[in-house]
Amino acid sequence: MATKPSLSTTTTTAAVPEISKDMDPKHVAETQLFVKLMSIGVPVPENCNTNGYFDSFLRNFIKVDQIQRGRISCTIVAKPPICNGYGTLHGGAVGSLVEVLTTACARTVVAEDKELFLGEISISYLSGTPINEEVIANASVVKSGRNLTVVALEFKLKKTGNLLYLTHATFYNMPVSSL
């Protein structure tokens, strides 16, 4: 009986990309260099290849400061693992933080018998967060009804109070499945 290969073994063989004939070789070379510098295609370490790993990893950078009905305030530290090659908080990390924090904020007002389905996130990236800086994230429920909850979240640099990111998330409040 054949065994199913793990993710790390299936991603170790680098496939040669198909490149369009009308591409300028200089642009192809620049793109390939970018892909290499970003470590795209590098296998996920086996100890990270577990269910829930990313959620646990992300929680290491969040400290909840205050929880109220319809509001959550947190401190986030832009540590190197969630920063990009430019020395600032990675945009994808910001998006992940938005998902976690807005969901937590929505949970302060949505009944437990409702499941939250994230329908939309918008993020305005106004400035970068330098590596190792602390950020204050304040989330608040803008509107919550029977079927819909909207949460606004702003990120400010703790040191200066400068606004970094403005975000909104829309959740659909769904009845919990009885399967």
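Trainee: What should I know about the model before we start?

Mentor: This is a predicted model in which local features need pLDDT of at least 70 and side-chain atom pairs count only at pLDDT 80 or more, while totals for chains, interfaces and linings use all residues. Residues are numbered from 1 along each chain as its sequence is written, and side-chain values use heavy atoms, with hydrogens and water left out.

Trainee: How many helices and strands are there, and how do you know where they are?

Mentor: Helices are DSSP runs of H or I with at least four residues and strands are runs of E with at least two, numbered from the N terminus. The protein chain has four helices and six strands, and along the sequence they follow the pattern α-α-α-β-β-α-β-β-β-β.

Trainee: Why is S73 called buried?

Mentor: Buried means under 20% relative accessible area, exposed means over 50%, and partly exposed lies in between, with a 1.4 Å probe and protein chains only. S73, which lies in strand β2, has a relative accessible area of 14%, and therefore it counts as buried. Of the 179 residues of the protein chain, 27% count as buried.

Trainee: What is S73 in contact with?

Mentor: Contact means heavy atoms within 4.5 Å. Leaving aside neighbours within four places in sequence, S73 is in contact with V64, D65, Q66, I136, A137 and N138.

Trainee: What makes β2 largely enclosed?

Mentor: Five of the seven residues of β2 are buried, so the rest of the structure largely encloses this strand.

Trainee: How do you know which strands pair with β2?

Mentor: Two strands pair if DSSP finds at least two bridges between them. Six bridges join strand β1 (residues 62–68) to β2, and these strands run antiparallel, with Q68 opposite R71 in β2. The hairpin of β1 and β2 has two residues between the strands, and G70 there takes a positive phi near 80 degrees. On β2 there is also a pairing with β4, in the antiparallel sense over seven bridges, where C74 stands opposite A137 in β4.

Trainee: What makes a group of residues a nonpolar core?

Mentor: A nonpolar core is a set of buried Ala, Val, Leu, Ile, Met, Phe, Trp, Tyr and Cys residues joined through side-chain atoms within 4.5 Å. The largest one here has 30 residues, of which I76, L89, L97, L101, L153 and F155 touch the most other members. The elements giving two or more residues to this core are β2 (71–77), α4 (91–107), β4 (134–144), β5 (148–157) and β6 (163–175), and α4 gives the most, with seven residues. In soluble globular proteins, nonpolar side chains tend to be buried together.

Trainee: Why is the pair of Y125 and Y165 called edge-to-face?

Mentor: Rings of Phe, Tyr and Trp (its six-membered ring) pair if their centres lie within 6.5 Å, and planes under 30 degrees apart count as stacked, over 60 as edge-to-face and the rest as tilted. By this rule the count comes to four aromatic pairs. The rings of Y125 and Y165 have centres 5.7 Å apart and planes at 75 degrees, so this pair is edge-to-face. Y125 lies in strand β3 (residues 114–125) and Y165 in strand β6, so the pair ties together parts that are 40 residues apart in sequence.

Trainee: Are Y125 and Y165 buried or partly exposed?

Mentor: Y125 has a relative accessible area of 44% and is therefore partly exposed, whereas Y165, at 2% relative accessibility, counts as buried. Ring pairs link Y125, F155 and Y165 into a cluster.
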